[in-house]
Amino acid sequence: MTTTLPISSSSWPLPDPSPNPDSDPDPSRNLFDPPPGMAQSTPSETLPDNDGSSTSDPTDTSSSSYSEPPEPSPSDFPGNPSSCPDPLLPGLLHLSFNQDSGCFAAGTDRGFRIYNCDPFREIFRRDFDSASAGGGGGGIGVVQMLFRCNILALVGSGPEPQYPLNKVMIWDDHQSRCIGELSFRSEVKSVRLRRDRIVVILVQKIFVYNFADLKLLHQIETIANPKGLCEVSHVSGAMVLVCPGLQKGQVRVEHYASKRTKFIMAHDSRIACFALTNDGRLLATASSKGTLVRVYNTMDGSLLQEVRRGADRAEIYSLAFSSTAQWLAVSSDKGTVHVFNLKVESGSLGIERSRSASEPNSSPPSAVSHLSFIKGVLPKYFSSEWSVAQFRLNEGFQYIVAFGHQKNTVVILGMDGSFYRCQFDPVAGGEMTQLECQSFLKSEESF
């Protein structure tokens, strides 16, 4: 049986229900100080049983339909300040952006660190040690931020994990301690946070909890999901959740507002990666082949656009929509980040796009093969839509990508500890311009 842990009787600071996600934190205070006006709530006495074996069904009966890449090896990295490994630096186990991509979190074999993207700076770190109360060796394999507030979700990992691999620890950095835990019968693969929900992904199950009292609301069975693929919408209102279905190449979309489940047969091969717009209306998917990326309408499951990353098989590491859903970024093991122009009809989807006065009718260069006029004769490859802009990196390293807050910029994070900020030309396209390159793993002495 799973175990539950009583939470401290002190009030539990919940995320601010309406923070400004674009505001930069005051450098004079800790990022994780409670935001002004943070709601206060008294948690329940115990966490719910959450391995799916409880005798009572926590799911609302009215909605019965809700019935790892290899570690990079050290190598020279042109222009990367970390090309000469420092033996004093921690080992990197995890990287993730927060919900608006303004910050990112790194899990290491010693603890975790939080960084601001623009301007780039390390704003907080916590290195655990063996003397930590109830802690282990310090390794953190999952760190999920909740915008910029003091609540994080942590999962242990590495040679000496700080916490068991089958537990999600709810960490309050304002109190510098865990305020609760969720225990499972198998290893936790990933976690997703919203202001009102905690989503925990296991290898073949997904659990959805209410953030206020950690009550189990919904559980989903999936096909084997070793990467912990799952995405949720982040705008206020009812959640949209996307996860693998029960068949190879199938994606499941849960619309909690309408209590509807939509299944999309996205690919013939297994799903390798997907991304969701903040409002949950658009879904981008890639298969294990890694050659094509498809964009779907999550409401009706219709295919809206298909773009080609390349001709050779590749492992897609990350997909990311821009805030206006005008652009899609893709990173893969080929060492190239691609940016594609999306031609989705934004009006029908309610997605706001803005254009500057200087380019009212401008459009990106044609990314379709010049041989498209004979697409009925030659293979589909020749009529594919190709990327507008690219940025070259070293092959063999894992990178994740997101769009920056400055116009036409992308932020790239590498598992070698590299941080890149690049800018692309939406009209001319081509190679991106590197604006910044940093090594974000620094020793204690340099912090």
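Reader: What makes the contact between Glu385 and Lys343 a salt bridge?

Author: A salt bridge requires a side-chain nitrogen of Lys or Arg within 4 Å of a carboxyl oxygen of Asp or Glu. The closest N and O atoms of Glu385 and Lys343 are 2.9 Å apart, so the pair meets that definition. This is a predicted model, in which local features need pLDDT of at least 70 and side-chain atom pairs count only at pLDDT 80 or more, while totals for chains, interfaces and linings use all residues. Residues are numbered from 1 along each chain as its sequence is written, and side-chain values use heavy atoms, with hydrogens and water left out.

Reader: Why is Glu385 called buried?

Author: Buried means under 20% relative accessible area, exposed over 50%, and partly exposed in between (1.4 Å probe, protein chains only). Glu385 has 19% relative accessibility and therefore counts as buried.

Reader: Is Arg126 called buried, exposed or partly exposed, and why?

Author: Arg126 has 22% relative accessibility, so the residue counts as partly exposed. Asp173, in contrast, is buried, with a relative accessible area of 5%.

Reader: Why is Lys248 called exposed?

Author: Lys248 has 52% relative accessibility and therefore counts as exposed.
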